[in-house]
Amino acid sequence: MTAIRRNGRILIGLFGLTLVLLGLWLLLGRKGERMKCIQVAKADIRSDLASLQALAAPQTRQPRRSVTLHIDLDASMAEDGILAIQSSYQERPLSLGPYSSEITVSIDAASIPADGYDIWRFTLFRPEKGEVCLWPSDEGFPFWREAKRLRIRLLQERQRLDEARVRTYVVEPE
Amino acid sequence: MGQSQRLFFPTRQLDRLREQRAALETAKADPSPDAKSPPTTAIAQAGGKEVIARCPERIKRKNIVFIASECHYDDFWWKMMFVAPGYSAAGGGGIPQRIDGGVAAGATPLVSLGLRWAELTTVAYVDQQYTRPEKLPIERLRDHFKHQIVVIKKTEDIFAVMNDLPEQEENGCQVKVKLQDVAFFSHGLPSNITLNYENYPHIELTNYNYRRIKADAFVPDGRIYSYACRTGTYASSESFNNSADAEADKSLAQKLANYLNISVYAFMVRSHYRPVLRDPADSTAIAAALKSKRKGHELEILSLSAEHEALPHPGLGNGFWGLYGNSGEGTKGFALWRKQGARAMPVGHDTPTGLPQDLREYKPAGAP
(Lines give C-alpha, C1' and ligand atoms only; values in the text may rest on other atoms or scores of the structure.)
Protein backbone atom coordinates (compact mmCIF):
# COMPACT_ATOMS: atom_id res chain seq x y z
CA MET A 1 0.00 0.00 0.00
CA THR A 2 2.86 2.34 0.96
CA ALA A 3 4.71 1.40 -2.22
CA ILE A 4 1.64 2.22 -4.31
CA ARG A 5 1.30 5.58 -2.60
CA ARG A 6 5.00 6.30 -3.14
CA ASN A 7 4.81 5.35 -6.84
CA GLY A 8 1.70 7.48 -7.20
CA ARG A 9 3.51 10.49 -5.76
CA ILE A 10 6.42 9.90 -8.11
CA LEU A 11 4.05 9.75 -11.07
CA ILE A 12 2.26 12.91 -9.99
CA GLY A 13 5.64 14.60 -9.48
CA LEU A 14 6.81 13.56 -12.94
CA PHE A 15 3.56 14.79 -14.45
CA GLY A 16 3.94 18.13 -12.64
CA LEU A 17 7.55 18.45 -13.75
CA THR A 18 6.49 17.75 -17.36
CA LEU A 19 3.90 20.50 -17.13
CA VAL A 20 6.46 22.96 -15.71
CA LEU A 21 8.96 22.12 -18.48
CA LEU A 22 6.27 22.44 -21.12
CA GLY A 23 5.26 25.81 -19.68
CA LEU A 24 8.87 27.01 -19.66
CA TRP A 25 9.31 25.89 -23.25
CA LEU A 26 6.16 27.69 -24.31
CA LEU A 27 7.18 30.85 -22.52
CA LEU A 28 10.88 31.00 -23.31
CA GLY A 29 11.43 28.92 -26.38
CA ARG A 30 8.38 29.80 -28.39
CA LYS A 31 10.14 32.33 -30.60
CA GLY A 32 12.64 29.73 -31.77
CA GLU A 33 11.95 28.06 -35.09
CA ARG A 34 13.99 25.20 -36.42
CA MET A 35 16.57 26.21 -38.97
CA LYS A 36 15.57 25.44 -42.52
CA CYS A 37 16.74 22.18 -44.00
CA ILE A 38 15.11 21.21 -47.26
CA GLN A 39 14.91 17.80 -48.87
CA VAL A 40 16.43 17.93 -52.33
CA ALA A 41 17.08 15.09 -54.78
CA LYS A 42 20.64 13.83 -54.36
CA ALA A 43 21.30 14.20 -58.08
CA ASP A 44 20.18 17.85 -57.95
CA ILE A 45 22.52 18.56 -55.03
CA ARG A 46 25.45 17.03 -56.91
CA SER A 47 24.56 19.01 -60.02
CA ASP A 48 24.27 22.27 -58.04
CA LEU A 49 27.60 21.64 -56.34
CA ALA A 50 29.21 21.01 -59.71
CA SER A 51 27.78 24.31 -61.01
CA LEU A 52 29.13 26.20 -58.01
CA GLN A 53 32.53 24.56 -58.36
CA ALA A 54 32.61 25.54 -62.02
CA LEU A 55 32.35 29.17 -60.95
CA ALA A 56 35.63 28.92 -59.06
CA ALA A 57 37.84 31.23 -61.10
CA PRO A 58 41.59 31.55 -60.87
CA GLN A 59 42.75 34.23 -58.47
CA THR A 60 43.34 37.59 -60.09
CA ARG A 61 46.04 40.10 -59.24
CA GLN A 62 43.46 42.65 -58.11
CA PRO A 63 43.85 43.85 -54.52
CA ARG A 64 41.81 41.68 -52.20
CA ARG A 65 40.33 41.96 -48.74
CA SER A 66 40.47 38.87 -46.59
CA VAL A 67 39.12 37.72 -43.26
CA THR A 68 39.60 34.55 -41.24
CA LEU A 69 36.44 32.93 -39.93
CA HIS A 70 35.90 30.66 -36.99
CA ILE A 71 32.64 28.89 -37.76
CA ASP A 72 30.59 27.09 -35.13
CA LEU A 73 28.32 24.43 -36.52
CA ASP A 74 26.55 21.61 -34.71
CA ALA A 75 28.83 18.56 -34.82
CA SER A 76 26.10 16.27 -36.13
CA MET A 77 25.66 18.48 -39.17
CA ALA A 78 29.32 19.13 -39.73
CA GLU A 79 30.24 15.49 -40.40
CA ASP A 80 29.28 15.05 -44.00
CA GLY A 81 28.44 18.63 -44.97
CA ILE A 82 29.82 20.74 -47.76
CA LEU A 83 29.57 24.38 -46.78
CA ALA A 84 29.16 27.23 -49.27
CA ILE A 85 29.69 30.80 -48.07
CA GLN A 86 28.30 33.34 -50.50
CA SER A 87 28.72 37.10 -50.61
CA SER A 88 26.24 39.54 -52.14
CA TYR A 89 28.98 40.95 -54.30
CA GLN A 90 30.22 38.04 -56.36
CA GLU A 91 28.63 35.04 -57.99
CA ARG A 92 31.44 32.68 -57.08
CA PRO A 93 31.22 31.40 -53.48
CA LEU A 94 33.75 32.88 -51.07
CA SER A 95 34.32 29.35 -49.91
CA LEU A 96 33.05 25.94 -50.98
CA GLY A 97 34.20 22.69 -49.42
CA PRO A 98 33.87 20.23 -46.56
CA TYR A 99 33.05 22.01 -43.32
CA SER A 100 36.10 23.26 -41.47
CA SER A 101 35.91 25.31 -38.28
CA GLU A 102 38.48 27.81 -39.57
CA ILE A 103 38.42 29.25 -43.06
CA THR A 104 40.05 32.30 -44.62
CA VAL A 105 38.02 33.97 -47.35
CA SER A 106 38.84 36.90 -49.62
CA ILE A 107 37.16 39.14 -52.18
CA ASP A 108 38.12 41.59 -54.90
CA ALA A 109 38.41 44.85 -52.93
CA ALA A 110 36.94 46.84 -55.83
CA SER A 111 33.66 44.91 -55.75
CA ILE A 112 32.66 45.72 -52.18
CA PRO A 113 31.03 48.94 -51.00
CA ALA A 114 33.12 51.58 -49.28
CA ASP A 115 31.58 50.83 -45.88
CA GLY A 116 32.75 47.21 -45.96
CA TYR A 117 29.26 45.82 -45.35
CA ASP A 118 28.16 42.63 -47.04
CA ILE A 119 25.31 40.14 -46.66
CA TRP A 120 26.43 36.53 -46.53
CA ARG A 121 24.52 33.35 -47.01
CA PHE A 122 25.62 29.98 -45.67
CA THR A 123 24.38 26.83 -47.40
CA LEU A 124 25.23 23.37 -46.13
CA PHE A 125 24.90 20.65 -48.75
CA ARG A 126 24.45 17.12 -47.44
CA PRO A 127 24.40 15.01 -50.60
CA GLU A 128 24.26 11.68 -48.80
CA LYS A 129 21.16 12.72 -46.85
CA GLY A 130 19.56 14.55 -49.78
CA GLU A 131 19.33 17.69 -47.68
CA VAL A 132 20.30 21.35 -48.02
CA CYS A 133 20.36 23.55 -44.90
CA LEU A 134 20.15 27.34 -45.15
CA TRP A 135 21.36 30.25 -43.07
CA PRO A 136 20.28 33.30 -45.09
CA SER A 137 20.31 36.87 -43.83
CA ASP A 138 18.58 40.09 -44.66
CA GLU A 139 20.95 42.28 -42.68
CA GLY A 140 24.44 43.36 -43.56
CA PHE A 141 27.50 43.10 -41.37
CA PRO A 142 30.85 44.91 -41.88
CA PHE A 143 32.58 41.67 -42.82
CA TRP A 144 35.21 43.49 -44.88
CA ARG A 145 36.22 46.14 -42.37
CA GLU A 146 39.35 46.07 -40.34
CA ALA A 147 38.57 43.01 -38.19
CA LYS A 148 40.73 40.18 -39.47
CA ARG A 149 39.10 37.41 -37.46
CA LEU A 150 35.41 36.81 -37.00
CA ARG A 151 33.50 34.15 -35.11
CA ILE A 152 30.31 32.99 -36.80
CA ARG A 153 27.74 30.88 -35.01
CA LEU A 154 25.34 29.12 -37.36
CA LEU A 155 22.23 28.83 -35.22
CA GLN A 156 20.16 25.67 -34.88
CA GLU A 157 17.06 27.76 -34.33
CA ARG A 158 16.06 30.84 -36.27
CA GLN A 159 15.56 33.86 -34.03
CA ARG A 160 12.66 36.06 -35.09
CA LEU A 161 13.73 39.54 -34.02
CA ASP A 162 10.49 41.20 -35.06
CA GLU A 163 7.76 40.71 -37.62
CA ALA A 164 10.15 41.10 -40.54
CA ARG A 165 13.63 40.21 -39.36
CA VAL A 166 14.95 36.72 -38.73
CA ARG A 167 18.45 35.95 -37.46
CA THR A 168 19.98 32.66 -38.53
CA TYR A 169 23.62 33.30 -37.61
CA VAL A 170 25.55 35.53 -35.25
CA VAL A 171 28.79 37.32 -36.16
CA GLU A 172 31.25 38.53 -33.52
CA PRO A 173 34.77 39.93 -33.86
CA GLU A 174 37.29 37.56 -32.27
CA MET B 1 5.82 17.74 -116.94
CA GLY B 2 9.34 18.44 -115.80
CA GLN B 3 9.92 20.79 -118.69
CA SER B 4 6.73 22.78 -118.07
CA GLN B 5 7.77 23.19 -114.44
CA ARG B 6 11.16 24.50 -115.47
CA LEU B 7 9.51 26.98 -117.84
CA PHE B 8 6.76 28.04 -115.44
CA PHE B 9 8.56 28.71 -112.17
CA PRO B 10 11.42 30.94 -113.37
CA THR B 11 8.88 33.20 -115.09
CA ARG B 12 6.74 33.40 -111.98
CA GLN B 13 9.73 34.05 -109.75
CA LEU B 14 10.91 36.77 -112.09
CA ASP B 15 7.50 38.44 -111.90
CA ARG B 16 7.63 38.24 -108.12
CA LEU B 17 11.08 39.73 -108.00
CA ARG B 18 9.97 42.62 -110.25
CA GLU B 19 6.94 43.24 -108.07
CA GLN B 20 9.00 43.07 -104.87
CA ARG B 21 11.52 45.54 -106.26
CA ALA B 22 8.69 47.90 -107.27
CA ALA B 23 7.13 47.61 -103.84
CA LEU B 24 10.42 48.35 -102.12
CA GLU B 25 11.04 51.39 -104.35
CA THR B 26 7.55 52.68 -103.59
CA ALA B 27 8.17 52.23 -99.89
CA LYS B 28 11.53 54.02 -100.18
CA ALA B 29 9.92 56.99 -101.87
CA ASP B 30 7.04 57.14 -99.40
CA PRO B 31 8.17 55.80 -96.04
CA SER B 32 5.44 55.56 -93.45
CA PRO B 33 6.26 57.30 -90.17
CA ASP B 34 6.23 54.09 -88.13
CA ALA B 35 8.55 52.20 -90.45
CA LYS B 36 12.03 52.58 -89.01
CA SER B 37 13.67 49.92 -91.17
CA PRO B 38 13.03 48.79 -94.77
CA PRO B 39 9.71 46.98 -94.81
CA THR B 40 9.47 43.30 -95.55
CA THR B 41 6.97 42.07 -98.08
CA ALA B 42 4.23 39.48 -98.05
CA ILE B 43 2.36 37.82 -100.87
CA ALA B 44 -1.39 38.17 -100.65
CA GLN B 45 -4.28 37.17 -102.87
CA ALA B 46 -6.32 39.98 -104.44
CA GLY B 47 -8.92 39.37 -107.14
CA GLY B 48 -7.50 35.93 -107.79
CA LYS B 49 -4.09 37.41 -108.41
CA GLU B 50 -1.07 37.33 -106.21
CA VAL B 51 0.11 40.77 -105.18
CA ILE B 52 2.92 41.92 -102.98
CA ALA B 53 1.73 43.57 -99.80
CA ARG B 54 4.10 45.79 -97.90
CA CYS B 55 4.81 44.66 -94.34
CA PRO B 56 5.31 47.59 -92.06
CA GLU B 57 7.56 46.89 -89.12
CA ARG B 58 5.30 45.71 -86.36
CA ILE B 59 6.19 44.88 -82.82
CA LYS B 60 4.04 42.88 -80.45
CA ARG B 61 4.48 44.10 -76.90
CA LYS B 62 4.77 41.61 -74.09
CA ASN B 63 4.48 42.11 -70.34
CA ILE B 64 5.93 39.75 -67.75
CA VAL B 65 4.90 39.55 -64.12
CA PHE B 66 7.24 37.62 -61.82
CA ILE B 67 5.70 36.26 -58.62
CA ALA B 68 8.11 34.92 -55.99
CA SER B 69 7.60 32.26 -53.37
CA GLU B 70 6.95 33.47 -49.84
CA CYS B 71 8.82 31.35 -47.29
CA HIS B 72 10.10 34.09 -44.99
CA TYR B 73 7.03 35.18 -43.04
CA ASP B 74 5.18 32.04 -44.01
CA ASP B 75 1.91 32.77 -42.26
CA PHE B 76 -1.72 33.78 -42.75
CA TRP B 77 -1.15 37.51 -43.19
CA TRP B 78 1.75 37.37 -45.64
CA LYS B 79 1.62 34.15 -47.65
CA MET B 80 -0.18 35.76 -50.59
CA MET B 81 1.70 39.08 -50.50
CA PHE B 82 3.33 38.48 -53.87
CA VAL B 83 0.45 36.71 -55.61
CA ALA B 84 -2.01 39.54 -54.91
CA PRO B 85 -0.09 42.43 -56.55
CA GLY B 86 1.11 40.09 -59.29
CA TYR B 87 -2.48 39.12 -60.00
CA SER B 88 -3.52 42.78 -60.14
CA ALA B 89 -0.55 43.88 -62.23
CA ALA B 90 -1.50 41.20 -64.76
CA GLY B 91 -4.99 42.65 -64.91
CA GLY B 92 -6.72 40.05 -62.75
CA GLY B 93 -8.34 42.23 -60.16
CA GLY B 94 -9.32 45.26 -62.13
CA ILE B 95 -7.68 48.47 -61.09
CA PRO B 96 -6.41 48.72 -57.51
CA GLN B 97 -6.86 52.18 -56.13
CA ARG B 98 -4.04 54.34 -54.96
CA ILE B 99 -4.34 54.78 -51.24
CA ASP B 100 -3.72 58.27 -49.96
CA GLY B 101 -2.75 58.74 -46.36
CA GLY B 102 -1.80 56.12 -43.81
CA VAL B 103 0.81 53.53 -44.41
CA ALA B 104 0.39 53.56 -48.17
CA ALA B 105 1.17 57.25 -48.56
CA GLY B 106 3.83 57.54 -51.21
CA ALA B 107 2.47 54.59 -53.14
CA THR B 108 3.33 55.26 -56.71
CA PRO B 109 0.45 55.52 -59.16
CA LEU B 110 2.51 53.85 -61.88
CA VAL B 111 1.83 50.18 -61.42
CA SER B 112 -1.02 50.71 -59.00
CA LEU B 113 -2.97 51.45 -62.17
CA GLY B 114 -1.79 48.15 -63.64
CA LEU B 115 0.86 47.55 -66.25
CA ARG B 116 0.34 49.13 -69.64
CA TRP B 117 -1.79 47.05 -71.96
CA ALA B 118 0.15 44.54 -74.03
CA GLU B 119 -0.84 41.98 -76.64
CA LEU B 120 1.01 39.24 -74.76
CA THR B 121 1.36 38.68 -71.03
CA THR B 122 3.36 36.04 -69.22
CA VAL B 123 3.01 35.34 -65.52
CA ALA B 124 6.12 33.59 -64.22
CA TYR B 125 5.93 32.27 -60.69
CA VAL B 126 7.98 30.20 -58.29
CA ASP B 127 5.81 27.22 -57.47
CA GLN B 128 7.25 26.58 -54.02
CA GLN B 129 5.16 26.13 -50.88
CA TYR B 130 1.93 27.35 -52.44
CA THR B 131 -1.13 25.12 -52.08
CA ARG B 132 -3.65 24.56 -54.86
CA PRO B 133 -6.17 27.12 -53.48
CA GLU B 134 -3.33 29.68 -53.31
CA LYS B 135 -2.55 29.07 -56.99
CA LEU B 136 -6.15 29.52 -58.14
CA PRO B 137 -5.70 33.25 -58.89
CA ILE B 138 -2.76 32.41 -61.15
CA GLU B 139 -4.83 29.74 -62.88
CA ARG B 140 -7.56 32.34 -63.39
CA LEU B 141 -5.07 34.57 -65.20
CA ARG B 142 -4.47 31.69 -67.57
CA ASP B 143 -8.06 30.53 -68.00
CA HIS B 144 -9.86 33.87 -68.04
CA PHE B 145 -7.28 36.25 -69.50
CA LYS B 146 -5.38 33.71 -71.61
CA HIS B 147 -2.05 34.77 -70.13
CA GLN B 148 0.87 32.43 -70.50
CA ILE B 149 1.82 30.87 -67.15
CA VAL B 150 5.41 29.74 -66.61
CA VAL B 151 6.83 28.00 -63.54
CA ILE B 152 10.26 29.24 -62.50
CA LYS B 153 12.39 26.43 -61.08
CA LYS B 154 15.90 27.85 -61.24
CA THR B 155 17.75 31.10 -61.93
CA GLU B 156 18.21 30.30 -65.62
CA ASP B 157 14.43 30.23 -66.02
CA ILE B 158 14.28 33.98 -65.32
CA PHE B 159 16.37 34.59 -68.41
CA ALA B 160 14.58 31.96 -70.45
CA VAL B 161 11.27 33.76 -69.83
CA MET B 162 12.66 37.21 -70.52
CA ASN B 163 14.44 36.06 -73.67
CA ASP B 164 11.46 34.12 -75.00
CA LEU B 165 10.73 36.57 -77.81
CA PRO B 166 10.43 34.56 -81.02
CA GLU B 167 9.33 36.41 -84.14
CA GLN B 168 5.79 35.55 -85.11
CA GLU B 169 4.13 35.41 -88.53
CA GLU B 170 0.95 37.37 -88.99
CA ASN B 171 -0.81 37.66 -92.39
CA GLY B 172 2.40 36.61 -94.05
CA CYS B 173 4.44 39.28 -92.32
CA GLN B 174 7.09 38.77 -89.67
CA VAL B 175 6.21 40.41 -86.36
CA LYS B 176 8.81 41.05 -83.70
CA VAL B 177 8.04 40.47 -80.02
CA LYS B 178 9.60 42.79 -77.45
CA LEU B 179 9.19 43.32 -73.76
CA GLN B 180 7.22 46.33 -72.61
CA ASP B 181 6.71 46.13 -68.82
CA VAL B 182 8.32 43.60 -66.50
CA ALA B 183 7.35 43.61 -62.83
CA PHE B 184 8.89 41.69 -59.95
CA PHE B 185 6.96 40.95 -56.77
CA SER B 186 9.56 39.34 -54.61
CA HIS B 187 11.82 39.45 -51.60
CA GLY B 188 15.13 41.13 -52.22
CA LEU B 189 18.51 42.10 -50.86
CA PRO B 190 20.62 45.03 -52.06
CA SER B 191 20.93 44.59 -55.84
CA ASN B 192 19.52 41.07 -55.65
CA ILE B 193 15.95 40.07 -56.48
CA THR B 194 15.59 36.81 -54.56
CA LEU B 195 12.63 34.93 -56.01
CA ASN B 196 12.93 31.96 -53.63
CA TYR B 197 14.23 33.59 -50.47
CA GLU B 198 14.73 31.29 -47.47
CA ASN B 199 14.18 28.31 -49.68
CA TYR B 200 16.12 26.19 -52.14
CA PRO B 201 17.23 26.41 -54.93
CA HIS B 202 18.39 30.00 -54.83
CA ILE B 203 16.62 31.81 -57.71
CA GLU B 204 18.03 35.28 -58.19
CA LEU B 205 18.41 38.19 -60.56
CA THR B 206 21.56 39.95 -59.39
CA ASN B 207 24.08 42.55 -60.39
CA TYR B 208 26.39 39.80 -61.63
CA ASN B 209 23.99 37.76 -63.77
CA TYR B 210 21.65 40.36 -65.33
CA ARG B 211 23.61 40.35 -68.60
CA ARG B 212 22.01 37.02 -69.47
CA ILE B 213 18.97 39.05 -70.54
CA LYS B 214 19.10 39.95 -74.25
CA ALA B 215 20.30 43.56 -74.45
CA ASP B 216 17.66 44.40 -77.08
CA ALA B 217 14.79 42.58 -75.36
CA PHE B 218 12.75 45.72 -74.62
CA VAL B 219 10.88 48.26 -76.70
CA PRO B 220 12.46 51.74 -76.42
CA ASP B 221 9.92 52.86 -73.82
CA GLY B 222 10.19 49.60 -71.88
CA ARG B 223 10.14 49.54 -68.10
CA ILE B 224 11.08 47.25 -65.26
CA TYR B 225 9.36 47.59 -61.90
CA SER B 226 11.03 45.91 -58.96
CA TYR B 227 8.90 45.70 -55.85
CA ALA B 228 11.64 43.73 -54.12
CA CYS B 229 13.59 45.28 -51.24
CA ARG B 230 16.58 47.47 -52.08
CA THR B 231 17.03 46.75 -55.82
CA GLY B 232 18.15 50.38 -56.14
CA THR B 233 20.88 50.14 -53.51
CA TYR B 234 24.33 48.60 -53.71
CA ALA B 235 25.62 49.01 -50.14
CA SER B 236 24.32 46.68 -47.42
CA SER B 237 24.40 48.85 -44.31
CA GLU B 238 21.30 49.51 -42.19
CA SER B 239 21.82 53.28 -41.92
CA PHE B 240 23.14 55.91 -44.28
CA ASN B 241 24.02 59.57 -43.89
CA ASN B 242 22.75 60.28 -47.41
CA SER B 243 21.59 58.40 -50.48
CA ALA B 244 24.98 58.75 -52.17
CA ASP B 245 26.47 56.41 -49.56
CA ALA B 246 24.13 53.67 -50.75
CA GLU B 247 26.02 53.70 -54.11
CA ALA B 248 22.86 53.60 -56.22
CA ASP B 249 24.94 54.12 -59.36
CA LYS B 250 26.30 50.57 -58.92
CA SER B 251 22.92 49.07 -58.08
CA LEU B 252 21.11 46.37 -60.02
CA ALA B 253 18.42 48.92 -60.94
CA GLN B 254 20.95 51.27 -62.51
CA LYS B 255 22.82 48.45 -64.24
CA LEU B 256 19.61 47.11 -65.76
CA ALA B 257 18.66 50.62 -66.91
CA ASN B 258 22.04 51.14 -68.57
CA TYR B 259 22.28 47.69 -70.11
CA LEU B 260 18.71 47.46 -71.43
CA ASN B 261 18.39 51.17 -72.17
CA ILE B 262 15.08 51.47 -70.35
CA SER B 263 13.71 53.00 -67.17
CA VAL B 264 13.83 50.83 -64.08
CA TYR B 265 11.65 51.63 -61.08
CA ALA B 266 12.93 50.33 -57.76
CA PHE B 267 13.23 51.04 -54.06
CA MET B 268 16.40 52.03 -52.28
CA VAL B 269 14.82 50.91 -49.02
CA ARG B 270 13.02 47.71 -48.07
CA SER B 271 9.64 47.34 -49.72
CA HIS B 272 6.62 47.06 -47.49
CA TYR B 273 3.75 44.77 -48.43
CA ARG B 274 1.51 45.33 -45.40
CA PRO B 275 -1.09 47.47 -47.24
CA VAL B 276 -1.30 45.07 -50.19
CA LEU B 277 -3.87 42.59 -48.89
CA ARG B 278 -5.63 44.41 -46.04
CA ASP B 279 -6.10 47.64 -44.26
CA PRO B 280 -4.05 46.92 -41.12
CA ALA B 281 -6.91 48.39 -39.08
CA ASP B 282 -9.09 45.47 -40.21
CA SER B 283 -6.73 42.78 -38.92
CA THR B 284 -8.61 42.04 -35.70
CA ALA B 285 -11.94 41.71 -37.52
CA ILE B 286 -10.40 39.44 -40.16
CA ALA B 287 -8.88 37.12 -37.53
CA ALA B 288 -12.15 37.05 -35.58
CA ALA B 289 -14.15 36.19 -38.70
CA LEU B 290 -11.84 33.28 -39.50
CA LYS B 291 -11.89 32.02 -35.93
CA SER B 292 -15.69 31.95 -35.93
CA LYS B 293 -16.06 30.30 -39.34
CA ARG B 294 -13.32 27.70 -39.45
CA LYS B 295 -14.70 25.05 -37.06
CA GLY B 296 -15.55 22.00 -39.12
CA HIS B 297 -14.35 23.69 -42.33
CA GLU B 298 -10.59 23.45 -41.91
CA LEU B 299 -9.94 22.41 -45.50
CA GLU B 300 -12.38 24.74 -47.25
CA ILE B 301 -12.05 28.19 -48.79
CA LEU B 302 -13.87 30.42 -46.33
CA SER B 303 -15.43 33.74 -47.24
CA LEU B 304 -14.65 36.16 -44.41
CA SER B 305 -16.29 39.29 -45.84
CA ALA B 306 -17.13 40.89 -49.17
CA GLU B 307 -13.43 41.65 -49.49
CA HIS B 308 -11.50 38.77 -47.96
CA GLU B 309 -11.38 35.02 -47.89
CA ALA B 310 -9.21 32.45 -46.15
CA LEU B 311 -7.45 29.81 -48.24
CA PRO B 312 -6.71 26.50 -46.53
CA HIS B 313 -3.02 25.72 -46.07
CA PRO B 314 -2.52 22.94 -43.50
CA GLY B 315 0.30 23.70 -41.08
CA LEU B 316 0.89 27.28 -42.22
CA GLY B 317 1.88 29.63 -39.39
CA ASN B 318 3.23 29.18 -35.89
CA GLY B 319 1.94 28.33 -32.42
CA PHE B 320 -0.25 25.44 -31.30
CA TRP B 321 -3.23 24.59 -29.11
CA GLY B 322 -4.44 28.15 -29.56
CA LEU B 323 -1.80 29.32 -27.08
CA TYR B 324 0.18 31.90 -29.06
CA GLY B 325 1.14 33.18 -32.51
CA ASN B 326 -1.11 32.35 -35.44
CA SER B 327 -2.64 29.52 -33.48
CA GLY B 328 -3.52 31.90 -30.66
CA GLU B 329 -5.22 34.36 -32.95
CA GLY B 330 -7.02 31.60 -34.81
CA THR B 331 -5.37 32.04 -38.19
CA LYS B 332 -3.08 29.02 -38.30
CA GLY B 333 -3.60 26.73 -41.27
CA PHE B 334 -5.00 29.40 -43.60
CA ALA B 335 -3.70 32.13 -45.94
CA LEU B 336 -5.42 35.49 -46.36
CA TRP B 337 -6.65 36.39 -49.84
CA ARG B 338 -8.35 39.51 -51.12
CA LYS B 339 -10.99 38.60 -53.68
CA GLN B 340 -10.25 41.58 -55.91
CA GLY B 341 -6.47 41.08 -55.78
CA ALA B 342 -4.23 43.77 -54.31
CA ARG B 343 -5.81 46.83 -52.71
CA ALA B 344 -2.56 48.78 -53.16
CA MET B 345 0.92 48.24 -54.46
CA PRO B 346 3.82 47.78 -52.04
CA VAL B 347 5.37 50.94 -50.63
CA GLY B 348 8.78 51.89 -49.26
CA HIS B 349 9.67 50.96 -45.68
CA ASP B 350 11.67 53.16 -43.33
CA THR B 351 14.74 50.88 -43.32
CA PRO B 352 17.61 51.21 -44.03
CA THR B 353 17.47 54.67 -42.53
CA GLY B 354 18.66 57.80 -44.32
CA LEU B 355 17.34 56.82 -47.77
CA PRO B 356 14.37 58.06 -49.81
CA GLN B 357 11.37 55.76 -49.47
CA ASP B 358 9.68 56.29 -52.81
CA LEU B 359 9.77 54.02 -55.85
CA ARG B 360 12.53 55.72 -57.85
CA GLU B 361 13.15 55.87 -61.56
CA TYR B 362 16.60 54.78 -62.71
CA LYS B 363 17.22 56.09 -66.21
CA PRO B 364 19.85 54.82 -68.64
CA ALA B 365 23.18 56.59 -68.33
CA GLY B 366 23.13 59.71 -70.48
CA ALA B 367 19.34 59.95 -70.56
CA PRO B 368 17.91 63.38 -69.71
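Which side chains meet in a salt bridge at 2.1 Å, N to O? They are Arg158(A) and Glu198(B). Arg158(A) sits in strand S9 (residues 149-160) of chain A, while Glu198(B) is in the loop between strand S9 (192-194) and S10 of chain B, so this pair joins two chains. Keep in mind that this is a predicted model.

- Chain A has three helices and ten strands. Read from the N terminus, its elements go α-β-β-α-β-α-β-β-β-β-β-β-β.
- Chain B has nine helices and 18 strands.
- Of the 174 residues in chain A, 41% are buried; for the 368 residues of chain B the figure is 53%.
- Take the contacts in chain A between residues at least 6 apart in sequence: 68% of them link residues at least 24 apart.
- As for surface, chain A exposes about 9700 Å², with 56% of it coming from carbon and sulfur atoms. Chain B has an accessible surface of about 16400 Å², and 52% of that belongs to carbon and sulfur.

**Salt bridges**

- Over all chains, the structure holds 36 salt bridges.
- Within chain B, Asp127(B) pairs with Lys135(B), their closest N and O atoms lying 3.0 Å apart. Asp127(B) is partly exposed, with a relative accessible area of 30%, whereas Lys135(B) is buried at 16%.
- Asp143(B) and Arg142(B) also meet through their side chains, at 2.9 Å from N to O. Here Asp143(B) is partly exposed at 45% relative accessible area, and Arg142(B) is partly exposed at 39%.
- In chain A, salt bridges with shared partners tie Asp72(A), Glu102(A), Arg149(A), Arg151(A) and Glu174(A) into one network.

- Helix H5 (residues 155-162) of chain B is largely enclosed by the rest of the structure, because six of its eight residues are buried. Those buried residues are Thr155(B), Asp157(B), Ile158(B), Phe159(B), Val161(B) and Met162(B).
- What lies over them? The cover for the buried residues of H5(B) includes these strands of chain B: S3 (59-67), S4 (120-125), S5 (148-151), S7 (173-185), S10 (204-206) and S11 (218-226).
- Helix H4 (residues 132-143) of chain B has its own buried set: Pro133(B), Glu134(B), Lys135(B), Pro137(B), Ile138(B), Glu139(B) and Leu141(B). Lys135(B) is the salt-bridge partner of Asp127(B) mentioned above.
- The buried residues of H4(B) pack against S3, helix H2 (83-89), S4, S5, strand S15 (308-312) and strand S16 (334-338) of chain B.

**A nonpolar patch on chain A**

- Ile10(A), Leu11(A), Leu14(A), Leu17(A) and Leu21(A) make up a nonpolar surface patch, and together they have about 510 Å² of accessible area.
- Leu11(A) belongs to helix H1 (residues 2-28) of chain A. Leu11(A) counts as exposed because its relative accessibility is 59%, over the 50% cut-off.
- A general point about helices: an α-helix has 3.6 residues a turn, so residues three or four places apart point the same way.

**The cavity**

- Searching the whole structure turns up one cavity of 30 Å³ or more. The largest cavity has a volume of about 190 Å³.
- Its lining counts 21 residues, and the closest to the centre are Arg121(A), Leu189(B), Asn192(B), Thr194(B) and Glu204(B).

**Pro190(B) in its loop**

- Pro190(B) is in the loop between strand S8 (187-189) and S9 of chain B. Pro190(B) is buried, with a relative accessible area of 2%.
- Beyond its neighbours within four places in sequence, Pro190(B) is in contact with Ile119(A), Arg230(B), Thr233(B), Tyr234(B), Ala235(B) and Ser236(B).
- Pro190(B) and Leu252(B) are 62 residues apart in sequence, and their C-alpha atoms are 8.1 Å apart in space.

Terms used: Residues numbered from 1 in each chain as written. Chains lettered and ligands numbered in written order. Predicted model: local features only at pLDDT ≥ 70, side-chain atom pairs only at ≥ 80, totals over all residues. Heavy atoms only, no water. Patch = residues over 30% accessible without salt bridge, like charges linked within 9 Å, V, L, I, M, F, W, Y side chains within 5 Å. Areas by Shrake-Rupley, 256 points an atom, 1.4 Å probe, with all protein chains shown as cover. Salt bridge = Lys/Arg side-chain N within 4 Å of Asp/Glu carboxyl O. Helix = DSSP H or I, 4+ residues; strand = E, 2+ residues; numbered from the N terminus. Buried < 20%, exposed > 50% of the residue type's maximum accessible area, 1.4 Å probe, protein only. 1 Å grid on protein atoms, 1.4 Å probe; cavity = no way out; pocket = protein on both sides within 12 Å on 5 of 7 lines; lining within 4 Å. Points joined across faces, edges and corners; volume = space filled by probe spheres on them. Contact = heavy atoms within 4.5 Å.
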